[in-house]
Number of protein chains: 2
Amino acid sequence: MPKEKPLILVTNDDGITAPGIRALLEVMKELGEVVIVAPDSPQSGMGHAITISDTLFCEPVTIKKNYKHKEYSCSGTPADCVKIATQEILHRKPDLCVSGINHGSNSSINVIYSGTMSAAVEAGIEGIPAIGFSLLDYSLTADFEPSKKYVKKITQDVLKNGLPKGVVLNVNLPKLPASKIKGIKVCRQANAHWEEEFDKRTNPQGRDYFWLTGKFVNKDEGEDTDEWALKNGYVSVVPVQFDLTAHQFIRELNSRGLNE
Amino acid sequence: MPKEKPLILVTNDDGITAPGIRALLEVMKELGEVVIVAPDSPQSGMGHAITISDTLFCEPVTIKKNYKHKEYSCSGTPADCVKIATQEILHRKPDLCVSGINHGSNSSINVIYSGTMSAAVEAGIEGIPAIGFSLLDYSLTADFEPSKKYVKKITQDVLKNGLPKGVVLNVNLPKLPASKIKGIKVCRQANAHWEEEFDKRTNPQGRDYFWLTGKFVNKDEGEDTDEWALKNGYVSVVPVQFDLTAHQFIRELNSRGLNE
């Protein structure tokens, strides 16, 4: 008896028309029944923002006439898209949620700022196995072809074996031709950060304003990190949790006598 | 020889004019030299959003004429406020960053959606000891008086003893009169979530839209959680980390043969 095809929710943070989500769609169509619910405009850097003080629009759209799956464009954030998809659009709980393929890295500390990963985390909170995919190429004309093989392999693994409760995957793909990608490495998040630089300008009315810029600084030399894997030609897979408790510090904090 | 007063950066997500940040200011003025850099409008639910596709304004404001400290109003998110404060406003790295006092809970999974906590986490990433404070009362007329004693105690502890690298504190305060607060408990984040409900309406032009609503569901019965502490009259202190790696799952994931 053929099993029902898995239901796969596809979203992203670059917006529903971004090339990255089209590449992800191509892979997911081979693996299950796909529904896309994605932001109507780019949402990069939105972190785990949700829309609580404004209205949300979410409507069916036709991106290509011959598509058999359904697509919905949503005025909210990536996390909003997952919430509205599971509550208002899908007829059952999806078997998987995939987010991406993001145009640009979400490795290391970028996971904190990432709209792509916030969608995956939101799905994880709702008990749905979830993966965020990102390619280390910010260009709108990025080549997603070499990524597809790895996106498919990792997705198949999660469909088959699931993920532990409270864990989602953060997958980053190096900007390399297929022949140069060495394989997949399971990693920890590198301990790196951004050093901000604000580009200060003055507007025509004489008011100062800023553009946020900065450079990524990684002093973590561990060979078990996502940064190391990506620099050395591997696809990085970091298991990500949303229990943020620093459990190892509870005992020390208790010994400080805060309650005396 | 008197030591230089600690430099304390104060921010929030309810906006620079919210009563909660005024209560926090009152406490911090007793403990150090205060600079406020806070959003010019409410930013609740912003998660760890940052402003990368838009300009940022950040200007000195005078909230009360007799204030001796400096205040800056910023057009961005709480995380933006911390970034711009450390890069463009403060003359040296602050000794502490405090965020809040938030009007409403940031316990349990709310830490993920919280603008208040994103400011603390951003400071933590920059190596600054940081604490987010939230009162379990959404009202604009919330009584912050009973909280002040605990805010002061926890802040003094962090100024004296510091925090480990990579850890910030998420402090939630029960909505209780001073006489009913039993003390402080160091906790883990309760494993709870929101069950969303979308309130669907139709606008005057006939277009459907949604308001996000929902109810908070906690099935975690542990007595070591923030939810338990708050329900039982304690101030909850959860050490929060921004290394999101689910380290305990790396070995299992490696055994799956993803790289074969």
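1. A word to start with: a residue counts as buried when its relative accessible area is under 20%, as exposed when that area is over 50%, and as partly exposed in between. With that in hand, look at Asp199(A): its relative accessible area is 27%, so Asp199(A) is partly exposed. Please keep in mind throughout that this is a predicted model.

2. Let us stay with Asp199(A) for a moment. Its side chain meets the side chain of Arg201(A) in a salt bridge, at 2.9 Å from N to O. Arg201(A) is partly exposed as well, because its relative accessible area is 40%. In general, side chains of opposite charge can pair when their charged atoms come close. Over all chains, the count of salt bridges comes to 34.

3. Now turn to a salt bridge between Lys83(B) and Glu196(A), whose side chains meet at 2.2 Å, N to O. Which elements hold the two partners? Lys83(B) belongs to helix H2 of chain B, residues 78-89, while Glu196(A) belongs to strand S9 of chain A, residues 192-202, so this pair joins two chains. Lys83(B) and Glu196(A) are both buried.

4. Lys83(B) has a further partner to look at. Glu122(B) forms a salt bridge with Lys83(B), and the closest N and O atoms are 3.1 Å apart. Glu122(B) sits in helix H4 of chain B, residues 115-125, and Lys83(B) in helix H2 of chain B, so the pair ties together parts that lie 39 residues apart in sequence. Glu122(B) has a relative accessibility of 1%, so it counts as buried. For Lys83(B) the value is 2%, which means that Lys83(B) counts as buried too. Elsewhere, salt bridges that share partners join Glu4(A), Arg92(A) and Asp95(A) into one network.

5. Next, the annotated site. An unreviewed UniProt entry places the feature "binding site" at Asp13(A), Asp14(A), Ser44(A) and Asn102(A).

6. Find Asp13(A) in the loop between strand S1 (7-11) and helix H1 (19-29) of chain A. Is Asp13(A) buried or exposed? Its relative accessible area is 3%, so Asp13(A) is buried. Setting aside residues up to four places away in sequence, Asp13(A) touches several others, among them Pro39(A), Ser44(A), Pro78(A), Asn102(A) and Thr116(A). A polar atom of the Asp13(A) side chain also lies 3.5 Å from the backbone nitrogen of Gly115(A).

7. Asn102(A) is found in strand S5 of chain A, residues 96-103. With a relative accessible area of 5%, Asn102(A) is buried. Beyond its neighbours within four places in sequence, its contacts include Asp13(A), Asp14(A), Phe133(A), Leu135(A) and Phe144(A). The side chain of Asn102(A) reaches the backbone oxygen of Gly104(A) at 2.8 Å.

8. Helix H1(A) is worth a slow look. Of its 11 residues, 8 are buried, so the helix is largely enclosed by the rest of the structure. The buried ones include Ile21(A), Leu24(A), Leu25(A) and Met28(A). What covers the buried residues of H1(A)? The cover includes S1, strand S2 (33-39), strand S4 (70-74), S5, strand S6 (130-135) and helix H5 (145-161) of chain A.

9. The largest nonpolar core has 78 residues, and those with the most contacts inside it are Val37(A) and Val37(B). Leaving out neighbours within four places in sequence, Val37(A) is in contact with residues including Leu9(A), Val10(A), Tyr72(A), Cys81(A) and Ile89(A).

10. Finally, the cysteines. How many disulfides are there over all chains? The count comes to 0. Cys81(A) is in no disulfide, and the nearest cysteine sulfur, that of Cys74(A), is 4.0 Å away. A disulfide needs two cysteine sulfur atoms within 2.5 Å. Cys81(A) is at 1% relative accessibility, so it counts as buried. Cys97(B) is in no disulfide either; its nearest cysteine sulfur, that of Cys81(B), is 9.7 Å away. Cys97(B) is buried as well, with a relative accessible area of 0%.

Technical notes. Residues numbered from 1 in each chain as written. Chains lettered and ligands numbered in written order. Predicted model: local features only at pLDDT ≥ 70, side-chain atom pairs only at ≥ 80, totals over all residues. Heavy atoms only, no water. UniProt positions renumbered as here; feature names shortened; annotations may be inferred. Helix = DSSP H or I, 4+ residues; strand = E, 2+ residues; numbered from the N terminus. Buried < 20%, exposed > 50% of the residue type's maximum accessible area, 1.4 Å probe, protein only. Contact = heavy atoms within 4.5 Å. Polar contact = N/O pair within 3.5 Å; in protein donor to acceptor, adjacent residues only side chain to side chain. Core = buried A, V, L, I, M, F, W, Y, C linked by side-chain atoms within 4.5 Å. Salt bridge = Lys/Arg side-chain N within 4 Å of Asp/Glu carboxyl O.
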